[in-house]
Amino acid sequence: MSVVKPLGILAAVAALSGMAPASAAAQTAAAPTFTKDVAPIFQNKCEACHRPESIAPMSLVTFEESRPWARSIKNRVTARQMPPWHIDKTIGIQDFKNDRSLTDKEVDTITRWVDAGSPKGDPKDMPAPVPWPSEQGWNFARQFGQAAPDLVVKSLSWTQKAGANDAWWKPVVETGLTEARWVRAIEIRPGSVKGRKITHHAIARLQQKETDDLAANPNDANGNPLPGTFMEWAVGKQGEIMRPGSGKLMLPGSKIVWDIHYSNGGEDVTDQVELGIYFYPKGQEPKFRQVLHLMGATNAGGVDIPPNVVKATEGYFVLRENGRVESFQPHMHLRGKAMSMEAILPNGQLQVLSHVSDFNFNWHNSYVYADNAAPLLPKGTILKITAWHDNTTANKANPDPNVWVGYGDRTVDEMGHAWVNVTYMSDADYRAEVAARKQTLGLTTDRQQQ
Ligand code: HEC
């Protein structure tokens, strides 16, 4: 993408937050050891998945468990395949609420540890173990002082047989709501400890008949509204609390459309995934409504990928009201290669908001912008989603480069859209948000940062 991009306040925000120091300098110190230098990184960035009874194939809690994987660890972290986080670090906004990626310094520490023969170090340097929960609990219930979420919606149960191939389970479940409610937080968890071993990720989408045109998503081929994602969950994630003053609106008759990826747990496991929803008290409406939009190519002939090519597909979404873009979640299948989200402002400026350069179908990350980085965009802004699909042999995940691929639900069909959460606001509120942002960031004019 060799487009000239004038910088406005939003890009300035990105520039400010994107300046992670690449500190590879002055590395003459002694080789890092596991106990002193590496274990703290693994506790922070790996153990969420790499511990006993969790989804990853091996535990990285102790030296003895980690040592045999040293070479593979170096490969995966230098290729930035682990931890799974596929945002291109050289372009767009870099400040996220849920960033689980390694810093350059952490990658460097791990690499030098492996290159030095992965020494253990002094056992006295080993940090105290992380107290991972052994039994099932709701994260936010404790925090909010409640016994449980206000509403729990369970997926239908699924049995993943020992040694079976990965499976995608998409049941649709009624929420049972009989009145509209505002949501302030959501979390998802596998229904049991064993369930954690097989539940790779789970997406819960909210399907409801919108009365507000601004909130509606396109219809599917049968005329049903396409569901907006409520939240995406993958191992290691706690859940989502809405930004202050904003919430999601659930309507009576709404349904949860599940999309759950199960992988092999080494034994037969039956489980149900649970979605826990916390409401604002009745009568206490948040000021802003967050709406999850599908942006990019849709089912209407949008995806057309000939054999043996890399194909770019563009889709456009007009913001009909001022908004804050909260998050970006690319959605493609096995041919998915990359996706970008750009903003074309009403004055013609083009800004790259985010780019995923190494898309991996196994990981459905929703990249949630940090409070002071979430782009504030005036009404009339066009969000441009570009999806690149690699239908050649260079794509290792490609089941067959010699066939044409179009839009479809099956894993071997394709999609090319992003789920993007938008919080809409009036002109006055928008101006206030922009002013507050400038103040927080110490900007006095739009163009100050270059
Ligand atoms: C969100 C969950 C998650 C996090 C966080 C995570 N991993 Fe993984 N990791 C997995 C899963 C699942 C697999 C197996 C599937 C795959 O290879 O993608 C895996 C595979 C691996 C492998 C390949 C193992 C093999 O079979 O060769 C290595 C090495 C690895 N992870 C290292 C790490 C390190 C080091 C970190 C932290 C810096 C980390 N991972 C963080 C989930 C995670």
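Mentor: Of the 450 residues of the protein, 38% count as buried, that is, have 20 or more other C-beta atoms, placed from the backbone, within 10 Å of their own. The model is predicted, so local features need pLDDT of at least 70 and side-chain atom pairs count only at pLDDT 80 or more, whereas totals for chains, interfaces and linings use all residues. Residues are numbered from 1 along each chain as its sequence is written. The protein has 8 helices and 23 strands, these being DSSP runs (H or I, at least four residues; E, at least two) numbered from the N terminus.

The part to look at is the packing of helix α2, residues 34–45, against helix α5, residues 104–115, whose axes lie 10 Å apart at an angle of about 135°, on a scale from 0 to 180 degrees between N-to-C directions. The crossing in which α2 passes α5 is left-handed, with the near helix turned anticlockwise from the far one by less than a right angle.

On the α2 side the contact is made by F34, D37, V38 and I41, and these meet E106, T109, I110 and W113 in α5, where contact requires C-beta atoms within 7 Å. By class, the residues of this contact between α2 and α5 comprise 5 nonpolar, 1 polar and 2 charged. For the protein as a whole, among contacts between residues at least 6 apart in sequence, 83% join residues at least 24 apart.

Methods. Buried ≥ 20, exposed ≤ 12 C-beta atoms within 10 Å, placed from the backbone. Contact = placed C-beta atoms within 7 Å. Nonpolar A, V, L, I, M, F, W, Y, C, P; charged D, E, K, R; others polar.
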